[in-house]
Every structure is written in C-alpha cells, then in structure tokens.
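Please open the model in your viewer and keep the selection panel at hand. The tour goes from one selection to the next and says what is to be found at each stop.

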Amino acid sequence: MINIGHIGLGRMGMFHAETIASLNNANLYALCDLNDELLKDTAQRLGVEKTYNNFDDMIEDDNIDAITITSPSFLHTEQISKALKAGKHVFSEKPLGTTVEQCKEAEKTVEQCPDQIFMLGFMRRFDNSYKYAKEAIDNGEIGEVYLVRSYSQDPTKNIEGAIAFGPHSGGEFLDMAVHDIDLMRWYIGSEPKQVWAIGGAYAYPEFKEWNDGDNVSALMKFENDAMGFLFAGRTAPHGYNVETEIMGTKGTIRIGSVPQKNLVEIMDENGIRKEMSQDFIERFAEAYKAEIVEFIRCIEEDTKPETTVYDGTAVSRIAYAAKESFETGKLIDIQ
C-alpha cells in the first residue's frame, strides 16, 4: 500500500484527495492545508491519519511514500523540489511553474532524483476521447496533422474566482491555455517556433491590471510547419466548453464540437436542448481519476510516466511567449 501525503484542499485538491481515498492500492495518509477547520473536517470524513499546516513538516514524515501537489501555482516548483529531495514520489497539478526559470530548476531536481517518480497533471491526455484521437493519429488514420484548433472556455459564473486568482495565476495563457498547448504538441509531434497572440479584457477590465485578458487567442507555427490555434475565454454564458479539432491530410477529428454534458436531449416548452458541464471537474472527472491511477501504477511498477517535467517546461515556455506577444502585439520567436 502506497501512503500519500496531499497538499491543497481547494476545488481541484479536494477532488484529488477524494480520488486517492477511494483507491484500493493507495492510502491517503496525510493532508496539508492552512485552513484548520477544512483540514480537520476533510481528514475526519476521508479517514486520514495525519494532518499538517506546514508542507516541510509533512515531507519529513517517513511513513509517506508519495506527495500529490494541488497548492497555488507559484508554489509548485519549490514543493516539487523539496518533496523529491526528501525521497518522495511526486505528482503535481499544472502548471509546472509560473516562470520558465522555476521550471528549469524543477528539471534539475528531477534529474538529480532518478529513483523518484515525477508526473505532471495534463489530464486531457487521459480523457477517453482525447486518447482515442491520439491513437487514430498515431495509426495514420487522418494522415499528416497540419492544424490543431483548441478552445477552452470557463463559465461566466466562475469569474469572481478567476479575478481573485488573477494576480498570481501567471496569466490566462499559463493558467488555462497550457492544456491546449500540450494537446498541440502531443498531436502534432513537433514544437512551435513562432506565436502571435491577441485578446483583451472585454468584459472584466480588472484583468488589465495584470497585463492579462478575459478572452485571448494565439496562432502558432510549428517546426514542421503545422499550425496551431487556441482560444481561451473566461466569460462563456452557457457553461464549461472545451472543443478540439485536428485536421490532417486524409481527414479531420473533432472532439466536443457540440459541447454537452451527456447524450440526453430535453424537450419541453422551451424546445429541444442539451445540457452542458458547468466546470472542469465535471467534464474531466474520469480523466483526473485516471491520471492519479497512472501515477500510482508508475510507482508500483517503477516506470516513468509519459507526461514529464520537460513537457511542463516546454508548455510554460510557449505560454510565456504567447503572453509576451499578447502584451507587445509582436510576432514572437519561441526560444
């Protein structure tokens, strides 16, 4: 049984904690959070043995085999390094870090700790539809991929949380678009070399204070001349909306082109409608669970996961190039 110490009990953190507690081959042994009441209530509800307010104290616990990190983004690389150096396996939610320099430091620590498993949470790779598309691409079913278009939209009803997180999120390209960027790299099999980004704070001017927007987009040219286009928005009135299109020389794959919660159609006095997921956890619940299961499997079998620290650095570098283009209006060469 693998004993896990988990930090962060926000929306995402709570979901991961509940997932770990439900697994047969893992034990949610310890929780860490600054909110004492939430920490105590969650530990009691999930049957957790140890609680901590201090991350450094938790990683000193010799009974802990692995750490899962869902703390604020700017803390990720520091906590990853500390946990690895303490001999723990580590799973961290995206982004790897809020600066490229932080990501490079995380790379060094991972390289210095080859006996530990490190995995980064790009959950869309674990969604059944996205996995199916990847297999089709790898099998040559749509020929050579020349364009990936990816949209990510959060519902307007969650805007207050986005504004509160804004000052330390790293910006919309790093906070939201990293998933779209990761998918492009994954599907195209190449790295982008140029990016041009535009957008603005159309509905919520607060984002201008952090040189950010509430709706942004970027066009990328890849080293193999493929194209990537992403759109990230925070003001969708209809719900949580993620859709992706992969165009190849022999065909096209679309995922979620008509976003819907399930296959149900409702017919009433308003006509015929389909409901939508209202947040990222609802839409990608099974994918989030699958990535934690994969992390545990890698520990048990001593194998390295597909998503690596280098993926985290690459995506952050691209996101920051997009942010620079957004702020300057210039076409940016990605170094």
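Begin by selecting α10, which supplies the largest share of the lining of the second largest pocket, 6 residues. Helices (H or I, at least four residues) and strands (E, at least two) are DSSP runs, numbered from the N terminus. The model is a predicted one, in which local features need pLDDT of at least 70 and side-chain atom pairs count only at pLDDT 80 or more, while totals for chains, interfaces and linings use all residues. Residues are numbered from 1 along each chain as its sequence is written, and side-chain values use heavy atoms, with hydrogens and water left out.

Stay with this pocket and select Asp 127, Ser 129, Gln 260, Lys 261 and Arg 283, which lie nearest its centre among the 27 residues that line the second largest pocket. A pocket here is an open set of points on a 1 Å grid over the protein atoms alone, where a 1.4 Å probe fits, with protein on both sides within 12 Å along at least five of seven lines, and lining residues have an atom within 4 Å of a point. Two or more lining residues come from each of α6 (128-138), β11 (241-248), β12 (252-255) and α10. The space in the second largest pocket is about 510 Å³, a volume being the space filled by probe spheres set on the points, which are joined across faces, edges and corners.

Next, go to the largest pocket, where about 1200 Å³ of space lies. Of its 45 lining residues, select Met 12, Thr 70, Ser 71, Ser 73 and Phe 165, the closest to its centre. The elements that give two or more residues to this lining include α4 and, again, α10.

Now select helix α4 (residues 76-85), in which 7 of the 10 residues are buried, that is, under 20% relative accessible area with a 1.4 Å probe and protein chains only. The buried residues of α4 are His 76, Thr 77, Gln 79, Ile 80, Ser 81, Ala 83 and Leu 84, and they pack against elements including β1 (2-7), β5 (89-93) and α5 (100-112). Which residues does Thr 77 touch, not counting those up to four places away in sequence? Thr 77, buried with a relative accessible area of 8%, touches Leu 96, Gly 97, Gln 102, Cys 103 and Ala 106, contact meaning heavy atoms within 4.5 Å.

Finally, select Gly 87, which follows α4 and has a positive phi, near 85°.

Conventions
Buried means under 20% relative accessible area, exposed over 50%, partly exposed in between (1.4 Å probe, protein chains only).
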